[in-house]
Amino acid sequence: MADNKAKKPQTIVVDATNCIAGRMCSHVSKLLLQGNKVAIVNAEKAMLSGNRYKVIEQYKEHLEINSVTNPIHGPFHPRRPDTVLTKMVRGMVPKQKTSGIEAHQRLRVYIGVPEEMKAAKMQSFEDSKITRPEAHYISMGDVAKQIGWKGLP
């Protein structure tokens with residue numbers, strides 16, 4: 001009985017503001033595989049490192065990948081920042097195995113901060129924070145707007 005109480009899953013709220021997206025997602029995938037529920041807030045403020053124009057160009061090239069026989073059959077490429085981050089985490093968990101499927105179901109990604117999470121203690125990972133000035137990075141929201149996201153009102 002004592003073991004069940006020790007392994008009680010907890011909800012961890014991660015603030016993506018000024019965090020490098022890939023590094024943050026790798027931490028989040030580890031937390032998910034350990035059995036925690038994770039909510040990522042401010043998905044549009046996550047950063048991608050690299051040349052601004054080159055990053056946007058690579059995303060646009062990725063959007064051109066489709067089925068040879070009929071593009072309706074997919075693959076479908078996300079354009080919203082929250083779904084892009086969700087797909088990044090999905091690539092870091094074993095999505096074919098039961099453990100990966102269950103881990104991915106425990107993930108929630110939000111644009112902005114929802115009302116029910118404003119009071120929660122937000123966590124961020126020190127090694128995923130940006131180290132150079134913001135001009136060296138591009139935010140996930142900016143990339144999403146360039147590839148077709150209509151954005152927040």
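# Questions on a predicted model

User: Asn18 has its place in the loop between β1 (11-15) and α2 (21-33). Does Asn18 count as buried, exposed or partly exposed?

Analyst: The model is predicted, and phi of Asn18 in it is near 55 degrees, a positive value in a residue other than glycine. Most residues other than glycine have a negative phi. The relative accessibility of Asn18 is 25%. Buried requires under 20% and exposed over 50%, so Asn18 is classed as partly exposed.

User: Which class, buried or exposed, does Asn42 fall into?

Analyst: Asn42 is a residue other than glycine with a positive phi, near 60 degrees. Its place is the loop between β2 (37-41) and β3 (47-49). The limit for buried is under 20% relative accessible area; Asn42 has 8% relative accessibility and therefore counts as buried.

User: Which peptide bond is cis, with omega near 0 degrees?

Analyst: Most peptide bonds are trans. A cis bond is found at Pro75, a residue in the loop between α3 and α4. The bond with omega near 0 degrees runs from Gly74 to Pro75.

User: The backbone oxygen of which residue lies 2.7 Å from a polar side-chain atom of His77?

Analyst: His77 belongs to the loop between α3 and α4. With a relative accessible area of 14%, His77 falls under the 20% limit and so is buried. A polar atom of the His77 side chain lies 2.7 Å from the backbone oxygen of Ile65.

User: Which elements give two or more residues to the lining of the largest pocket?

Analyst: The largest pocket has a volume of about 170 Å³. Its lining consists of Tyr59, His62, Leu63, Pro78, Val84, Lys87, Met88 and Ile147. Two or more of these residues come from each of α3 (52-63) and α4 (81-90).

User: How many residues in the lining of the largest pocket are nonpolar?

Analyst: Tyr59, Leu63, Pro78, Val84, Met88 and Ile147 are among the lining residues, and each of these residue types counts as nonpolar. The lining also holds His62 and Lys87, of which the histidine counts as polar and the lysine as charged. The division is one charged, one polar and, as nonpolar, six.

User: Over the face of which residue does Arg132 lie?

Analyst: A search of the whole structure for aromatic pairs gives zero. A charge over a ring is a separate kind of contact, which requires CZ of Arg to be within 6 Å of the ring centre. Arg132 is at 5.4 Å from the ring centre of Tyr137.

User: How far apart in space are Lys121 and Lys150, C-alpha to C-alpha?

Analyst: Lys121 is in the loop between β4 (107-109) and β5 (122-123). Its relative accessibility is 76%, over the 50% limit, so Lys121 counts as exposed. Lys121 and Lys150 are 29 residues apart in sequence, and their C-alpha atoms are separated in space by 30 Å.

User: What percentage of the residues in the protein is buried?

Analyst: The secondary structure consists of six helices and six strands, in the order α-β-α-β-β-α-α-α-β-β-β-α along the sequence. Taken along the principal axes, the C-alpha atoms fill a box of roughly 55 × 40 × 30 Å. Buried means under 20% relative accessible area, and among the 153 residues the buried share is 37%.

Definitions and conventions: Residues are numbered from 1 along each chain as its sequence is written. This is a predicted model: local features need pLDDT of at least 70, side-chain atom pairs count only at pLDDT 80 or more; totals for chains, interfaces and linings use all residues. Side-chain values use heavy atoms; hydrogens and water are left out. On a 1 Å grid over the protein atoms alone, a cavity is a set of points where a 1.4 Å probe fits but cannot get out, and a pocket is an open set with protein on both sides within 12 Å along at least five of seven lines; lining residues have an atom within 4 Å of a point. Grid points are joined across faces, edges and corners, and a volume is the space filled by probe spheres set on the points. Helices (H or I, at least four residues) and strands (E, at least two) are DSSP runs, numbered from the N terminus. Buried means under 20% relative accessible area, exposed over 50%, partly exposed in between (1.4 Å probe, protein chains only). Rings of Phe, Tyr and Trp (its six-membered ring) pair if their centres lie within 6.5 Å; planes under 30 degrees apart count as stacked, over 60 as edge-to-face and the rest as tilted. A charge sits over a ring if NZ of Lys or CZ of Arg is within 6 Å of the ring centre and within 35 degrees of the ring normal. A polar contact is a pair of N or O atoms within 3.5 Å; within protein, one must be able to donate a hydrogen and the other to accept it, and residues adjacent in sequence count only if both atoms are side-chain atoms.
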